[in-house]
Amino acid sequence: MTWEIVIGLEIHSQLSTNTKIFSGASTAFGAEPNTQADAVSLALPGVLPVLNKGAVERAIKFGLATGAHIAPRSVFARKNYFYPDLPKGYQISQFDLPVVGNGQIVIQVPAQGKQTAYEKTVRITRAHLEEDAGKSLHEDFHGMTGIDLNRAGTPLLEIVSEPDMRSAAEAVAYAKALHTLVQWIGICDGNMQEGSFRCDANVSVHQPGTPFGTRREIKNLNSFRFLEQAINYEVQWQIATLEDGGTIQQATVLFDPDTGETRVMRTKEDAHDYRYFPDPDLLPLEISEEWKQQIATTLPELPHTKQARYQTQGLSAYDASVLTSSREIADFFEAVLATLSPDPSPASGRGEQATKMCANWIAGELSAQLNRDGLDIAQCPISAQQLGGLLKRIADNTVSNSGAKEVFRVMWAEGGDADAIIDAKGLKQVSDSGAIEKIVDDILAANADKVAEYRSGKDKLFGFFVGQAMKASQGKANPAQLNEILKQKLDG
Amino acid sequence: MFESSLKQLGDALRAKKISSVELTQFYLDRIARLNPELNAYITLNPEMSLAQAKAADARLATGQADALTGIPIAQKDIFCAKGWLTTCGSKMLHNFVSPYDAHVITQFNQAGAVNLGKTNMDEFAMGSSNETSHFGPVKNPWDTARVPGGSSGGTAAAVAARLCAAATGTDTGGSIRQPAALCGISGLKPTYGVCSRYGMIAFASSLDQAGPMGRSAEDLALLMNVMAGFDERDSTSLQRDKEDYGRDLDKPLSGLRIGLPREFFAAGMGSDVARAVEDAITEYKKLGATIVDISLPNSKLSVPVYYVLAPAEASSNLSRFDGVRYGYRAPEYGDLTDMYEKSRAQGFGDEVKRRIMIGTYVLSHGYYDAYYIKAQRIRRLIAQDFVEAFKQCDVIMGPTSPSTAFKLGEKGDDPVQMYLSDIYTIAVNLAGLPGMSIPCGFGDNAMPVGLQIIGNYFDEARMLNVAHQYQRATDWHSRAPQGL
C-alpha cells in the first residue's frame with residue numbers, strides 16, 4: 001500500500017519585545033523565579049491587560065514578510081482553562097479574528113544527498129498574538145509544585161500552516177525557513193533551547209486520492225532533530241496501525257526523546273471546552289494602512305527575494321538557500337562580493353564567476369570550518385574583507401586553489417591578510433610561461449618512455465605529467481597554464 | 001456637622017474651623033456606635049485613616065488643598081487599596097491585603113481625601129440586597145428589617161446613616177442606583193469608560209463602572225471631578241479632556257426635554273413608587289421642563305440579556321480565584337483538581353456559584369451562539385433604542401427600582417424576583433450610558449423612592465444639573481433616617 005504523509009505545523013514564536021504582551025514586566029530569560037511577575041503577571045484582583053504595541057508591530061512584520069492579509073481589525077479572545085501556571089484561569093489569545101491570515105512561504109527542501117534542493121510553497125493559514133503561560137516546577141519542592149510566573153505574559157506569535165507538507169524533511173525545511181525568517185526580520189531571537197521557537201506537528205497519513213486521515217498532534221518539539229524524529233516515528237506508527245487493521249484516534253501526543261517514541265497525552269474525548277469569547281478588557285486591535293506602510297519600510301530584503309536574486313546571478317538553488325540561511329550569512333556573502341567589485345550593479349562585470357566563487361567559498365570552506373569549530377558566522381575569525389582579499393588573489397591567478405586553501409587555514413588560525421600570507425608562505429603561483437616551459441621540458445626529458453606511451457594513445461598519462469610538473473614547481477605552477485603548455489609539447 | 005455638604009466641609013477644613021483628624025475621628029466614633037447594627041463596613045483601619053487625615057492636615061496647612069482634601073470618604077470593598085484588606089464581600093478574599101491601589105483610590109489619595117474604611121457589598125457585586133456578602137447583610141438605616149439594596153449596599157447605608165461624608169460604589173446592572181434609591185441617597189453611574197476600572201475587582205468587565213454616591217448632586221459633582229479621567233492601565237478607559245462636572249449645576253432647566261419611556265411606566269412598578277416618580281415629573285414641569293413620550297421597545301429584554309452576558313464575563317473573571325496564589329485555599333485537599341474544587345466550593349457563596357455556572361453554560365461549545373452571540377446582538381438593539389430616544393429628549397426619567405426596600409430574606413429563595421429589582425437600571429449598563437438615582441419621596445412603608453435620570457453619553461454634567469435643580473426645589477435628599 002502506498003501512503004501519503006500529511007503534516008501541518010503550529011509554531012509558537014516568542015516575540016522579541018523587552019516587556020510582556022499585556023504589562024510592563026521584563027521578558028528577559030533566566031531571572032530568579034517570579035522576579036519578573038508584576039501585578040498583571042500574578043493576575044491580582046482588579047488588574048487589567050494593556051496591549052504592547054511592539055508585539056503588534058512584530059506580527060505585522062511577519063504578515064508583510066509572508067505576503068499575508070493583515071486584518072484591519074482583529075480581536076483578542078479568552079481561552080478558559082484552569083492550570084496553576086495560568087494565573088488568570090484564561091489565556092488571552094486570538095480566536096476567530098486573528099491579526100494575520102492567508103500568507104505563504106517558499107521553502108527549499110534539501111533532497112537526499114543534500115547538494116540539491118527543490119522548492120515548495122507552504123501556505124500559512126493564520127498567525128495570531130497570544131500570551132505565554134508560566135512554568136510549573138515539579139522538582140525540589142518535596143512533592144509540591146512550584147510556580148514560576150516570569151514567563152507568564154511573554155508575547156507569542158502562533159503561526160499555523162496549512163497541511164501542505166508531505167514528509168518530515170519538508171516539515172523541517174518549513175520550520176527552518178520560518179526560524180530563519182523570524183530572526184531575519186528581527187521579531188524573534190530564535191533561541192530554541194530557551195523555548196523561543198517551539199513546534200507542534202499535526203500528522204496524518206492517507207492513501208492518495210482518499211480524504212485526509214485522522215491527525216494526531218505532537219506537542220512542544222523544541223529542536224529540528226526532535227521534529228524530524230517525532231514525525232518519522234509517528235508516521236511509521238500510524239501506517240503500522242492502519243495496516244494492522246486499526247484506526248487512528250484524534251489525540252494530542254508527546255514525543256519522548258529518550259525512547260524516540262510518541263505517547264498519548266489526551267484524546268479528543270477529554271479535550272477541553274475552552275469557552276472562547278472576546279476579551280472585554282481589550283478593545284479590538286485596529287491596524288491602519290499607514291501603520292502597515294510605515295512598518296513595511298523597515299523590512300529588510302527577504303530571504304526568498306534574495307535567493308531569487310542570487311539565482312539570477314548564476315547561483316544554484318541550493319547555494320542560494322545556504323547563503324540565505326541566515327541574514328548574517330547573506331550579509332557576509334554580499335560584503336565579500338562587494339570587496340571584489342565595489343559596484344553591485346549587474347552591469348559592473350562583477351560577473352557570475354566571481355559570484356560563484358564567493359558562494360563556493362562561503363558555502364564550502366568557510367561553512368565547514370565554522371561547523372568544525374562550532375561557531376556561527378557572527379563569530380567568524382575571518383572578516384569579509386580578509387576573505388575578499390584572498391578571493392581576489394585567486395581571481396587574478398596569484399594563488400592556485402590549493403594554495404588558497406593553505407592561505408585560508410593560516411588566516412583562520414593566525415589572522416593576517418591574504419597578500420602577506422602568500423608572501424610569507426611562498427604560495428605565489430608561477431605564471432611565467434618560460435619557467436613553466438622549462439619545468440615541462442625537464443619532466444618530458446626525464447620520462448621519455450612515458451612520452452612514447454602517451455603518444456601511442458595512452459591518454460591517461462596526461463595526468464601523470466601534470467602531477468610531476470606540479471610537484472617540480474612545488475605546487476606553484478598555474479594549473480591552466482601548465483595544462484596548456486604540456487598539451488602543446490605532447491601533442492604539438 | 002454630618003449634615004454639611006462636601007463643599008461646606010472643605011471650606012471648614014480650609015478655614016481651619018475643623019481639622020481632618022477631628023473630622024475623621026468624628027466619623028470613626030459614629031461608625032463605632034452605629035455600624036454594629038448596620039454592618040455597612042467590612043474593614044476599618046483607624047490607624048491608616050488617621051494617618052491620612054494627619055497628612056491632609058499638613059497639606060491644608062500649606063494652603064495647597066484640593067476640594068476633597070481632608071474629607072473622609074468610604075470606599076466600596078471592591079476597590080484595591082494598598083495595605084487594606086480588600087475582600088469584595090467574599091470569603092475567597094477574606095485574607096487579601098492589596099499590595100496596590102486602584103486608579104480610583106489613587107485619585108482620591110492624590111486629592112488628599114481620607115480613606116475612612118471599606119464598605120460592605122454583595123459578594124463580587126452579585127446581588128441586589130447585600131444579602132450575599134460573606135460578612136453578613138447590611139441593614140437599611142431607614143428600617144433595619146429591610147435591605148439597603150445592592151450591590152453597593154454598604155456604601156448606600158453608610159451615606160444614608162451619615163457614617164461617611166460620601167463614598168464610592170460600582171454599578172454593573174444597577175449596583176449604585178438601586179441601593180441609592182432604597183437608602184434615599186444620590187448616586188451616579190458614569191458613562192462606561194469615564195472612571196478607570198484598574199484595581200476595581202471585575203465582575204462583568206463590559207458593564208462595570210465606578211461612580212460616586214453621596215447625599216446630593218452637588219456632592220457627586222465634586223466626587224466625579226476626582227474619580228473621572230483617562231488611565232492608560234485600562235484599555236477601555238476613554239481619553240477625554242478633564243472636565244468640571246459641577247460647571248452646569250446652576251443652569252436653569254427651562255426648555256429641558258424629559259423623555260418618559262412608556263415601557264418603564266407599564267405594569268410592574270409599585271403604585272407608591274409610581275406616585276413619587278409622577279410627583280417628581282410634575283416638579284420638573286414646574287422647573288420649566290417639557291415631557292416627551294418615548295419608547296425603548298427592546299428594554300424588556302434587558303434582564304435576560306444581562307443574565308447571559310454578565311455571568312459569561314464573570315465566569316471567566318472569577319477564574320483567577322483558584323487558591324493558588326492568594327486568597328482562600330481549602331485547608332485539606334487531595335490532588336490539584338480537588339484543591340481547585342474545594343477552594344472554590346468553600347470560598348464562593350451560592351449566588352456567585354450560580355452565576356459562574358450560568359456563565360460557563362452560555363459560553364459552552366454548542367450554546368455560545370444561541371446565548372452569548374444572540375445576547376450581544378440584542379444588546380446592540382437596546383443601545384440603539386436609546387440613540388433613537390435621545391433624538392427626541394435631553395434626559396430620560398423613570399423609576400430606579402420597581403419597589404422600595406424589601407425585607408431581609410424576602411427574596412432570598414427566588415433569584416429571578418431578585419434579578420427583577422434591576423429591571424429599570426440594567427438597560428443603561430448594556431448601552432454604556434450614564435444613569436443616576438436621586439431621592440424623590442417615600443413609599444407606603446415610609447421607605448425612600450428613587451428617581452432615575454438617564455443621560456446621553458458623557459452628559460454627566462447635564463444630569464447633575466438636572467438633579468441639582470430638583471434638589472434646590474425639594475428636600476427629599478436632605479431627609480435623614482430617624483434615630484441617628
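This is a predicted model: local features need pLDDT of at least 70, side-chain atom pairs count only at pLDDT 80 or more; totals for chains, interfaces and linings use all residues.
At what angle do helix α9 and helix α11 of chain B pack?

Residues are numbered from 1 along each chain as its sequence is written, with chains lettered from A and ligands numbered from 1 in the order written.

Helix α9 (residues 302-317) of chain B meets helix α11 (residues 350-362) of chain B at an angle of about 100°. Their axes, lines fitted to C-alpha atoms over the stretch in contact, are 7 Å apart. The two helices are therefore roughly perpendicular (65 to 115 degrees). Residues in contact (C-beta atoms, placed from the backbone, within 7 Å) include B:Tyr307 and B:Pro311 of α9(B) and B:Ile356 and B:Val362 of α11(B).

## Helix α8 of chain B

Helix α8 (residues 271-286) of chain B has 16 residues. Buried in α8(B) are B:Val273, B:Ala276, B:Val277, B:Ala280 and B:Tyr284; buried means 20 or more other C-beta atoms within 10 Å of a residue's own, exposed 12 or fewer.

The face turned away from the buried side carries exposed B:Ser271, B:Thr282 and B:Lys286. After α8(B) comes B:Gly288, with a positive phi near 110°.

## Between the chains

Chain A gives 25 residues to the contact and chain B gives 35 residues.

Conventions. Two residues are in contact if their C-beta atoms, placed from the backbone, lie within 7 Å. Axes are lines fitted to C-alpha atoms, for helices over the stretch in contact, and angles run from 0 to 180 degrees between N-to-C directions. Helices (H or I, at least four residues) and strands (E, at least two) are DSSP runs, numbered from the N terminus. Angles under 35 degrees count as roughly parallel, over 145 as roughly antiparallel, 65 to 115 as roughly perpendicular and the rest as oblique. The expected span of a helix is 1.5 Å times one less than its number of residues.
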